[in-house]
Amino acid sequence: MKTIGKFAVAATLAFLAASGVYAAEFTKGTVKKVDAKAKKVTLIHEELKDLEMPAMTMVFRVKDDAMLGKLKEGANIEFVAERLEGKLTVTEIK
């Protein structure tokens, strides 16, 4: 039974990883500019490990327009960025 249990756990973890259901890794950043009209935010950010990108300043789209109201220039935030439809997009903020 122990072998079957270990296999089931391994299979479940593999499925979750393949389906993208996992805890997102948040990255620290500072809001440099908010462009509500273009639905974009410029962030000075630490390394984006999930995207294999070094620390830099760059422009991101936002997944949800409501996020723009939470972003103020100079604010320190933690965020998740993903490639959606080929564009770097902030998908979560805390």
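Reader: How many helices and strands does the protein have?
Author: In this predicted model, the protein has 1 helix and 5 strands.

Reader: In what pattern do they follow one another along the sequence?
Author: The pattern, read along the sequence, is α-β-β-β-β-β.

Reader: And what share of the residues is buried?
Author: Of the 94 residues in the protein, 26% are buried.

Reader: What share of the contacts join residues at least 24 apart?
Author: The share is 48%, taken among contacts between residues at least 6 apart in sequence.

Reader: Let us turn to the charged side chains. How many salt bridges are there in the whole structure?
Author: A search of the whole structure gives 2 salt bridges.

Reader: Which residue meets Lys 39 in a salt bridge?
Author: Lys 39 pairs with Asp 65, and the N to O distance between the side chains is 3.4 Å. Lys 39 lies in the loop between β1 and β2 (40-45), whereas Asp 65 lies in the loop between β3 (56-62) and β4 (76-84), so the pair ties together parts that are 26 residues apart in sequence.

Reader: Are those two side chains buried or exposed, or something in between?
Author: Each counts as partly exposed: Lys 39 has a relative accessible area of 39%, and Asp 65 has 41% relative accessibility.

Reader: What else does Lys 39 touch, leaving aside its neighbours in sequence?
Author: Leaving aside neighbours within four places in sequence, Lys 39 is in contact with Phe 60, Arg 61, Val 62, Asp 65 and Leu 68.

Reader: How far is Lys 39 from Asp 64?
Author: Their C-alpha atoms are separated by 8.7 Å, although Lys 39 and Asp 64 are 25 residues apart along the chain.

Reader: What is the phi of Lys 39?
Author: Lys 39 has a positive phi of about 60°, and this residue is not a glycine. In general, most residues other than glycine have a negative phi.

Reader: What is the phi of Glu 85, and where is that residue found?
Author: Glu 85 has a positive phi near 50° and is likewise a residue other than glycine. Glu 85 is found in the loop between β4 and β5. With 84% relative accessibility, Glu 85 counts as exposed.

Reader: Back to the salt bridges. Which residue does Lys 94 meet?
Author: The side chain of Lys 94 meets that of Glu 78, at 4.0 Å from N to O. This pair links distant parts of the chain, with Lys 94 in the segment after β5 and Glu 78 in strand β4, 16 residues apart.

Reader: Which residues form the negative surface patch?
Author: The patch is formed by Glu 25, Glu 47, Asp 50, Glu 82 and Glu 92.

Reader: Where does Glu 92 lie?
Author: Glu 92 lies in strand β5, which covers residues 87-93. At 35% relative accessibility, Glu 92 is partly exposed.

Reader: Which residues does Thr 27 touch?
Author: Not counting residues up to four places away in sequence, Thr 27 touches Glu 46, Glu 47, Leu 48, Ile 77, Glu 78 and Phe 79.

Reader: What is in contact with His 45?
Author: Apart from neighbours within four places in sequence, His 45 is in contact with Lys 28, Gly 29, Pro 54, Ala 55, Met 56, Met 58, Phe 60 and Phe 79. Of these, Phe 79 is also touched by Thr 27, and Phe 60 is also in contact with Lys 39.

Notes. Residues numbered from 1 in each chain as written. Predicted model: local features only at pLDDT ≥ 70, side-chain atom pairs only at ≥ 80, totals over all residues. Heavy atoms only, no water. Contact = heavy atoms within 4.5 Å. Patch = residues over 30% accessible without salt bridge, like charges linked within 9 Å, V, L, I, M, F, W, Y side chains within 5 Å. Areas by Shrake-Rupley, 256 points an atom, 1.4 Å probe, with all protein chains shown as cover. Lys, Arg positive; Asp, Glu negative; His and termini not counted. Charge placed at Lys NZ, Arg CZ, Asp CG, Glu CD. Helix = DSSP H or I, 4+ residues; strand = E, 2+ residues; numbered from the N terminus. Buried < 20%, exposed > 50% of the residue type's maximum accessible area, 1.4 Å probe, protein only.
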